[in-house]
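Please read the points below alongside the structure.

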Amino acid sequence: MTSTNWSPKPHASSRNAFPLVAGLAVALTLGAGAGVVAATYPRALAAPAAPATVTVTAEAAPAPTVTVPAPPVTSGRAAVATPADRFADGTYLVGTEVEAGSYRSPGPAPGGNGHCYWARLRTGGASKIVADQLTTGAARFTARKGEYVQVAGCEFTHG
């Protein structure tokens, strides 16, 4: 009887595969060994440590000394203001802020709205207006101490 070999005949390229498989096995073994060494001795394979940072704090130069002169010594009383003898737009207390007496105006101020208004006002009561006038020309009034004078659009001079 003849024997029949049922196993396939190896291909010619499979004979050259042994060195490749053996090389892979050696590489895996060496890689695993290096991993064990790295895990056991981590400092042996680690990169060198970075140099330490040192901070030095220097003292700042002292701040310059500034000398401020003392204010002048006064009596403690407020200076007495002299009432004005000329005034324009605003409200003024007669006898304190403006002088009592007669006032006159040549008319509306240049560059204004063309009107001059004045009013004498009392400090209390239902109607505060004692007298007033709205004019486009010259104006004149007499202010009494203790009342207020209100002016708009012109300048008044005492006298």
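Which residue forms a salt bridge with Arg 86? The partner is Glu 155, and the closest N and O atoms of the two are 3.5 Å apart. The points that follow start from this pair; the model is a predicted one.

1. Glu 155 has a relative accessible area of 39%, so the residue counts as partly exposed, the range between 20% and 50%. Arg 86, at 48% relative accessibility, is likewise partly exposed.

2. The Arg 120 and Glu 147 bridge. A search of the whole structure gives 2 salt bridges. Besides the pair in point 1, Glu 147 forms a salt bridge with Arg 120, with the closest N and O atoms 2.6 Å apart. Here too the pair links distant parts of the chain: Arg 120 is in strand β4 and Glu 147 in the loop between β6 and β7, 27 residues apart. Glu 147 has a relative accessibility of 9% and therefore counts as buried, the limit being under 20%. Arg 120 is buried as well, with a relative accessible area of 11%.

3. Surroundings of Arg 120. The side chain of Arg 120 also has a polar atom 3.1 Å from the backbone oxygen of Thr 142. Leaving aside residues up to four places away in sequence, Arg 120 touches a set of residues that includes Lys 128, Ile 129, Val 130 and Ala 131. Also among them are Phe 141, Thr 142, Ala 143 and Arg 144, as well as Glu 147 and Tyr 148.

4. The sheet that contains β4. Four strands form an open sheet in the order β2-β7-β4-β5, and the pairing is antiparallel. Its edge strands, each pairing on one side only, are β2 (90-93) and β5 (129-135). From one strand to the next the twist averages 10°. Within this sheet, β4 and β7 pair in the antiparallel sense over 5 bridges. Ala 119 stands opposite Gln 150 in β7.

5. The sheet that contains β1. Another open sheet of 4 strands has the order β1-β8-β3-β6, again with antiparallel pairing. The edge strands are β1 and β6, each of which pairs on one side only. β1 and β8 run antiparallel and are joined by 2 bridges. Arg 86, the salt-bridge partner of Glu 155, stands opposite Thr 157 in β8. In general, strands of a sheet pair through backbone hydrogen bonds, either parallel or antiparallel.

6. Ser 105. This residue lies in strand β3 (residues 101-105). Why is Ser 105 classed as buried? Its relative accessible area is 5%, and buried means under 20%. A polar atom of the Ser 105 side chain lies 3.2 Å from the backbone nitrogen of Gly 107. The Ser 105 side chain also reaches the backbone oxygen of Glu 155 at 3.0 Å. Not counting residues up to four places away in sequence, Ser 105 touches Cys 116, Ala 138, Ala 139, Cys 154, Glu 155 and Phe 156.

7. Aromatic rings. The structure holds 6 aromatic pairs. One of them joins Phe 87 and Tyr 92: the centres are 5.1 Å apart and the planes are at 50°, a tilted arrangement. Phe 87 is buried at 5% relative accessibility, and Tyr 92 is buried with a relative accessible area of 18%. The rings of Trp 118 and Phe 141 have centres 4.7 Å apart and planes at 25°; planes under 30 degrees apart count as stacked, so this pair is stacked.

8. The aromatic cluster. Which residues form one aromatic cluster? They are Phe 87, Tyr 92, Tyr 103, Trp 118, Phe 141 and Phe 156. Of these, Phe 156 is also a contact of Ser 105, and Phe 141 is a contact of Arg 120.

Terms used: Residues are numbered from 1 along each chain as its sequence is written. This is a predicted model: local features need pLDDT of at least 70, side-chain atom pairs count only at pLDDT 80 or more; totals for chains, interfaces and linings use all residues. Side-chain values use heavy atoms; hydrogens and water are left out. Rings of Phe, Tyr and Trp (its six-membered ring) pair if their centres lie within 6.5 Å; planes under 30 degrees apart count as stacked, over 60 as edge-to-face and the rest as tilted. Buried means under 20% relative accessible area, exposed over 50%, partly exposed in between (1.4 Å probe, protein chains only). A salt bridge is a side-chain nitrogen of Lys or Arg within 4 Å of a carboxyl oxygen of Asp or Glu. A polar contact is a pair of N or O atoms within 3.5 Å; within protein, one must be able to donate a hydrogen and the other to accept it, and residues adjacent in sequence count only if both atoms are side-chain atoms. Contact means heavy atoms within 4.5 Å. Two strands pair if DSSP finds at least two bridges between them. Axes are lines fitted to C-alpha atoms, for helices over the stretch in contact, and angles run from 0 to 180 degrees between N-to-C directions.
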